[in-house]
Amino acid sequence: MRCAALAMVALLAFGWTPGLGEALGADDLIYGYECSKGICRKVELSEENFASAISLPVCRLFCGSDIGTLWPKPTGVVQLEPLMRQVDVANIEFQMPGTKDKLWKSTEQRWLNLLEAKVPNRKILKKGGYQLNIIVNTADAGAPMRLQLNTDESYALSIGSNSAGQVTANITANNFFGARHGLETLSQLIVYDDIRREVQVVANASIADAPFYKWRGLLLDTSRNYYSVKAIKRTLDGMAMVKLNTFHWHITDSHSFPLEISKRPELSKLGAYSPSKVYTHSDVEDIVEYGRVRGIRVMPEYDSPAHVGEGWQHKNMTACFNAQPWNNYCVEPPCGQLDPTVDDMYNVLEDIFSDMFKLYNPDVFHMGGDEVSVACWNSSASIRNWMLERGWNLKEEDFMRLWGHYQMEALSRVDRVANGSHTPIILWTSTLTDERYIDQYLDPARYIIQIWTKGNDRVIKKILKRGYRIIVSNYDALYFDCGGGGWVNDGNNWCSPYIGWQKVYQNDLAQIAGDYKHHVLGAEAAIWSEQIDEYTLDNRFWPRASALAERLWSNPTEGWRQAESRLLLHRERLVANGIGAEALQPQWCLQNENECPIDAYDL
C-alpha cells in the first residue's frame with residue numbers, strides 16, 4: 001500500500017476513471033509521480049502509466065513517511081490512511097464553540113484563506129466533491145482568552161468520511177490555542193492535486209499532538225530599521241503556519257523610538273525616523289489581535305537601562321548620548337544609557353510601561369538589560385558624584401550596584417502599572433547575570449533569563465543551577481542576521497558566518513541545559529535589524545524559523561536529513577501564502593526526492 005498500490009487506491013477513491021487527455025485539459029501537464037520504495041519518483045505521463053501517476057503533494061502525503069508532509073512533526077500518534085477525497089470548496093461548514101465571537105470568526109476566515117492559497121487557478125478547479133464539516137470543541141466552551149505560560153496547547157484531530165458524500169474533521173482541545181493548532185494541522189492535510197484539478201483531503205486520519213516547549217518565538221528589532229504593520233503581520237502569518245507562539249517585539253533602541261506614548265508624545269516625535277514611521281496605539285492593538293487570532297502572544301521589550309537614546313533629547317536623563325568616539329562607550333552607534341540617579345526618569349518609564357501594559361496585556365514582560373556599559377556611566381560627572389556621595393566607589397561592582405538600584409526602581413513601576421500582578425520579567429544575559437552579581441540583584445522566582453551567548457557557554461549552567469528559568473537565543477545558532485557584510489568596518493559582521501537551517505534544527509536545548517533541562521522554557525530566533533528591513537525580512541526568517549519551530553514543537557531525536565524533503569515542500573507552502581521564504585535548493589531537488597544530498601545513498 002505504501003508503494004505500488006498506493007496510487008490506484010488514492011485515485012479510484014475519487015470516482016475517477018482513466019483518460020489522459022480529459023484529465024490534462026487545455027493546460028497540459030507532462031509529469032506525475034509514483035511511489036517507489038518509499039520515494040516519490042517523477043514520471044512522464046502517458047496513457048500507459050496515468051492510472052498509477054499521482055500529483056506530488058498527494059504522493060508525499062503517504063509515500064515513505066508516517067507523518068506525511070506535516071510541519072512541525074506531531075509529538076503524538078499519527079495515523080493517515082492513504083485515501084483522498086475531493087473537497088467541494090463551496091460546501092465547507094464550520095461548527096465552532098464561539099461562532100459569534102470575533103476571535104473564532106477571524107480564525108475561520110483565516111483557515112479559508114489558507115485553503116484559497118492552495119488553488120493556483122480557480123478557473124480550472126474541478127467543481128463538486130465531498131462536503132467538508134469542521135467541528136471544533138474546547139473544554140472552555142470557546143471562551144476568549146490570552147496565551148500564558150501555563151496554557152495547554154495540545155489538541156486531537158480526527159478525520160472521517162462516509163458514503164453520504166461528507167468528510168468530517170473533529171478537533172478537540174482544552175482552549176482556543178490548542179484548537180487553532182488543530183486547524184493548522186488540518187489545513188496541511190488538504191492539498192491541491194494538479195493532475196485532477198481538485199482540492200483533496202485525507203479521508204481518514206487521527207492525530208494527537210502537543211508542543212514539547214512552552215516558549216517558541218521570534219524576535220524582531222524594529223528600531224534599527226522600521227517595519228510596516230503589513231510586514232509584521234506577514235511574519236505573524238508565517239509563525240502561525242508552524243505553531244510558533246511568541247512574537248518578541250524589540251520595539252525601541254538607541255537608534256529610534258517608534259512607539260506612540262500617550263503621556264510622552266515627544267518620545268516618538270523626536271525619536272522616530274519620520275512621522276510616518278511610528279507605531280500608533282491603533283497599530284499595536286491591530287498587531288496584538290492579529291497575533292492572538294494566530295495563537296501568538298505579542299510581547300513587548302523595553303530595553304533599558306542601555307540601548308536608549310533617540311527620543312530622550314532635552315530630558316537630561318541619559319548618559320553618553322550619541323557620544324564619540326562611540327566604541328569607547330557602547331558596542332555600536334549611537335550610544336546612550338538611562339541615568340539611574342535621576343528620580344524623574346522613573347516617572348517617564350512608568351508612562352512607557354503603562355501604555356505597553358494597556359496595549360499588549362502581556363503575561364510576560366521583557367525589560368532588556370542588555371550590554372550596559374560601565375564606561376558610559378563612568379563618563380558622567382553627575383553619576384560619579386551621586387555614587388561617591390553615598391560612600392560607593394567607582395569600580396565594576398559599584399556600577400553593578402547602580403544597575404541593581406535601577407532595576408529595583410524600574411521593576412516597582414512595572415508592578416504599579418500591572419496592578420501588582422507580579423508579571424514575570426525577562427532579562428538578557430549580561431554582567432548583572434554573572435554569578436558574582438545575579439544572586440544579589442535578581443530573584444529567580446521573578447526573573448527569566450534569555451541566553452544570547454554561545455550554546456556551550458559555561459555561564460548557562462551557572463544560571464540554571466540557581467533555579468532560573470531560561471529562554472535560549474544562543475547567537476551561534478539563532479541570530480538570523482549573522483552572515484552579512486560589516487557595517488562599522490570591512491569584512492563580515494560580528495557573528496558571521498551565515499547560519500544554515502540545519503544548524504538551527506540541530507540546536508538541541510536539552511544538550512545546552514544538561515541536567516537542568518527542566519528549567520528551559522523554550523527558545524527564540526532573533527533578527528537584529530542593522531542590515532535588514534522589511535524588504536529582506538522574509539528570506540532572513542523563512543524557512544529557517546520553520547526549522548526552529550520543529551525543534552521547539554517536536555524536539556526531534558532524528559537529525560536534519562530526515563526533515564529536509566518535508567521542509568522543501570513546506571517552503572512552497574510559505575511562498576503560496578505570500579511569504580518570501582529563501583530558496584534552499586533548486587526546484588529540481590523538490591521534484592526529485594533524495595537525489596540531491598551528496599550522501600543520500602550512504603544512509
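The model is predicted: local features need pLDDT of at least 70, side-chain atom pairs count only at pLDDT 80 or more, and totals for chains, interfaces and linings use all residues. Residues are numbered from 1 along each chain as its sequence is written, and side-chain values use heavy atoms, with hydrogens and water left out.

The average pLDDT (the predictor's confidence in each residue, from 0 to 100) is 94 for the protein. A score of at least 70 is reached by 95% of the residues. Residues 1-26 have a pLDDT below 50. Beyond near neighbours in sequence, this stretch makes 56 contacts in the model, a contact being heavy atoms within 4.5 Å. Where pLDDT is low, the predicted coordinates should not be read in detail.

Helices (H or I, at least four residues) and strands (E, at least two) are DSSP runs, numbered from the N terminus. Two strands pair if DSSP finds at least two bridges between them. Strands of a sheet pair through backbone hydrogen bonds, either parallel or antiparallel.

E1 and strand E2 (residues 39-44) form an antiparallel pair over six bridges. Glu34 stands opposite Arg41 in E2. Two residues lie between the strands of this hairpin, and Lys37 takes a positive phi near 55 degrees there.

Axes are lines fitted to C-alpha atoms, for helices over the stretch in contact, and angles run from 0 to 180 degrees between N-to-C directions. Within the sheet, strand E4 (residues 84-95) and strand E9 (residues 198-202) are antiparallel, with three bridges. Met84 stands opposite Val202 in E9.

Another eight strands close into a barrel, in the order E11-E12-E13-E16-E17-E18-E19-E20. Here the pairing is parallel. Neighbouring strands of this sheet are turned by 30 degrees against each other on average, direction ignored. Strand E19 (residues 469-472) and strand E20 (residues 520-527) run parallel and are joined by three bridges. Val472 stands opposite Ala523 in E20. Helix H6 (residues 229-241) lies across strand E11 (215-221) and strand E12 (246-250), at about 155 degrees to E12.

A cavity is a set of points where a 1.4 Å probe fits but cannot get out. A pocket is an open set with protein on both sides within 12 Å along at least five of seven lines. Lining residues have an atom within 4 Å of a point. Grid points are joined across faces, edges and corners, and a volume is the space filled by probe spheres set on the points.

The largest pocket has a volume of about 1000 Å³. Its lining comprises 36 residues, of which Pro57, Lys118, Tyr192, Asp194 and Glu572 are the closest to the centre. Elements that each supply at least two lining residues include strand E1 (31-36), helix H5 (176-188), strand E8 (190-193) and helix H20 (561-576). H20 gives the most, with four residues. By class, the lining has 19 nonpolar (Ala, Val, Leu, Ile, Met, Phe, Trp, Tyr, Cys and Pro), eight charged (Asp, Glu, Lys and Arg) and nine polar residues (the others, Gly among them).

The whole structure holds three cavities of 30 Å³ or more. The largest cavity has a volume of about 120 Å³. Of its 18 lining residues, His307, Cys330, Val331, Gly336 and Glu371 are the closest to the centre. This lining has eight nonpolar, six polar and four charged residues.

Most residues other than glycine have a negative phi, and most peptide bonds are trans. Glu371, not a glycine, has a positive phi of about 50 degrees. Glu371 sits in the loop between strand E16 (365-368) and helix H10 (374-378). The peptide bond from Ser304 to Pro305 is cis, with omega near 5 degrees. Pro305 is in the loop between strand E13 (297-304) and strand E14 (318-319). Gln324 and Pro325 are also joined by a cis peptide bond, with omega about -5 degrees. Pro325 is in the loop between E14 and strand E15 (337-338).

Notes. On a 1 Å grid over the protein atoms alone, a cavity is a set of points where a 1.4 Å probe fits but cannot get out, and a pocket is an open set with protein on both sides within 12 Å along at least five of seven lines; lining residues have an atom within 4 Å of a point.
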